[in-house]
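Let's take a walk through this protein together. Have a look at the sequence and the fold first, and then we'll go through them piece by piece.

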Amino acid sequence: MGNCSPSPRRRRPTEPGSPPLDGTVSAPTVTVNSISVSPYALARSPSVSAAAVDAEDGGVVRLYGSDGCPVAWRLRVSLLYKAAAPLHFTPSEAAPLGRPVLRLSAADPELCGTADELLRQVDARFEGKPRVAPPERPRAASPAAAAAAEVAELVRLQHRSAERHLEGVAAKVAEMVKKGKKSGKGRSVVEAAEVRRLGKWYGDAMEVMLEHARMEETLIFPDIQRASFPGVCDKVNEQHGRHLPMMNGIKEDIKTLLTLELGSPLFHEVLVNLSVRLKALQDHTKEHFKEEESDMLPRLEGVRRMQREEGKVSDKSNSAWASEALATMEVTHSKLFPFFMTGLLPQEAVQYLDLIFRCTKNTRHLVSMLRSLAERLEDANPSIIHNNPTKLYEHLLVKSP
């Protein structure tokens, strides 16, 4: 679809004979490069007056839509990741469900369209990364290939989030070790609140990683083994088993820190030991993810073909496999969704948004996920979002009550 060229500020329907502004009559629409332009949508919004629009900051992006509309929430989150201009969202039932109204500046018309169409308009106006519109995907060689590609992308992005959160926790512990060395015999520089936040951060990371491992062990590895040869998944399953005691040991070290006198020699000793354990877990996890991505994920297309031959899936269910994987990780995609997403770089995050938007069938659940993420992103400085996702999570931890 072509880019939308700058358009003159629209004329408001104040003349005699203009359509009613109470939302009872559908406004006529025109088209700008295949996007519907609704010249009355903003004026019909019950929460925004014409005077307020006249006085608005020309550089503010305006988004109007139903609070229960997943497209409106996806646009809102995408614009927060884009962080190119201030964003103002106005809930408005005048915008039909599924068709929010987007206004990229005071000089532009109000645009209606599909999520992909509106996201392309955002990319056209605000150049640079992340590109929030889904890329043009090459046609898959087969339905099995399309389904396998979705699941592989899902797994890879979950790996990246886990890696970065472990990296963030390890960096925080290293910082605390350095503080402990500086404290000497005086008052400890490490605060109790830091240790509690560290425990929260690591606990959330551990929960997401364990849920990811369970998803692989129940949904992916058994069928890979059936489609390939006996023993092909033995090594990755054994690695999952080895990681659990390491993860539990780290959890116990953090619990121990909470019981010790801050700044004491024993506190510092446990902190140093925790740093060593975290480094070992990081190294093992990275190697494990690398092996999964090089040895296991390329086998997914063969798995899906086998499933189709067995009559387990239909030709129309390309996204069903990824949908099942998402649904299996219930905690990750509910209360821990903002946490999980802060482990992704902005471009990775919008990729994951596209996946969940295509693969989550429950509209209410999708809106709940997007709303929780938007609320957290709105609390953050855009430079943190773009430059260091784990710093974003640490920033939000500090701001949490």
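**Cysteines and the overall picture**

Let's begin with Cys112, which counts as buried because its relative accessibility is 11%; buried here means under 20% relative accessible area, exposed means over 50%, and partly exposed is in between (1.4 Å probe, protein chains only). Cys233 counts as buried too, at 1% relative accessibility. How many disulfides does a search of the whole structure find? The search finds zero, taking a disulfide as a pair of cysteine sulfur atoms within 2.5 Å.

A word on what you're looking at: this is a predicted model, in which local features need pLDDT of at least 70 and side-chain atom pairs count only at pLDDT 80 or more, while totals for chains, interfaces and linings use all residues. Residues are numbered from 1 along each chain as its sequence is written, and side-chain values use heavy atoms, with hydrogens and water left out.

Now step back to the whole protein. It has 15 helices and six strands; these are DSSP runs numbered from the N terminus, with helices being H or I of at least four residues and strands being E of at least two. Of the 401 residues, 50% are buried. The accessible surface comes to about 18,700 Å², and 53% of that belongs to carbon and sulfur atoms (areas come from the Shrake-Rupley method with a 1.4 Å probe, and for residues only the protein chains shown count as cover). If you take contacts between residues at least 6 apart in sequence, 74% of them join residues at least 24 apart, where contact means heavy atoms within 4.5 Å.

Next, find strands E3 (residues 61-65) and E4 (residues 87-91). They pair in the parallel sense over five bridges; two strands pair if DSSP finds at least two bridges between them. Within this pair, Tyr64 stands opposite Thr90 in E4. To get from E3 to E4, the chain passes through helix H3 (residues 70-82), and this β-α-β crossover is right-handed: with the strands pointing away from the viewer, the path from the first strand over the helix to the second runs clockwise.

Which residues have the most contacts inside the largest nonpolar core? They are Tyr202, Met341 and Tyr352, in a core of 96 residues. Such a core is a set of buried Ala, Val, Leu, Ile, Met, Phe, Trp, Tyr and Cys residues joined through side-chain atoms within 4.5 Å. Helix H5 (residues 143-183) gives the largest share of this core, 14 residues. Not counting residues up to four places away in sequence, Tyr202 touches several residues, including Leu166, Val169, Met247 and Leu281.

Gly203 lies in helix H6 (residues 192-227) and is partly exposed, with a relative accessible area of 30%. Gly203 sits 44 residues from Met247 in sequence, and their C-alpha atoms are 9.6 Å apart.

Leaving aside neighbours within four places in sequence, Thr285 is in contact with Leu166, Met209 and His243. Thr285 counts as buried because its relative accessibility is 1%.

Finally, go to helix H9 (residues 300-309), where the buried residues include Leu300, Val303 and Arg304. After H9 comes Gly311, with a positive phi near 80°. Ser319 is in the loop between H9 and helix H10 (320-328), and at 18% relative accessibility Ser319 counts as buried. Setting aside neighbours within four places in sequence, Ser319 contacts Glu150, Arg358 and Cys359.
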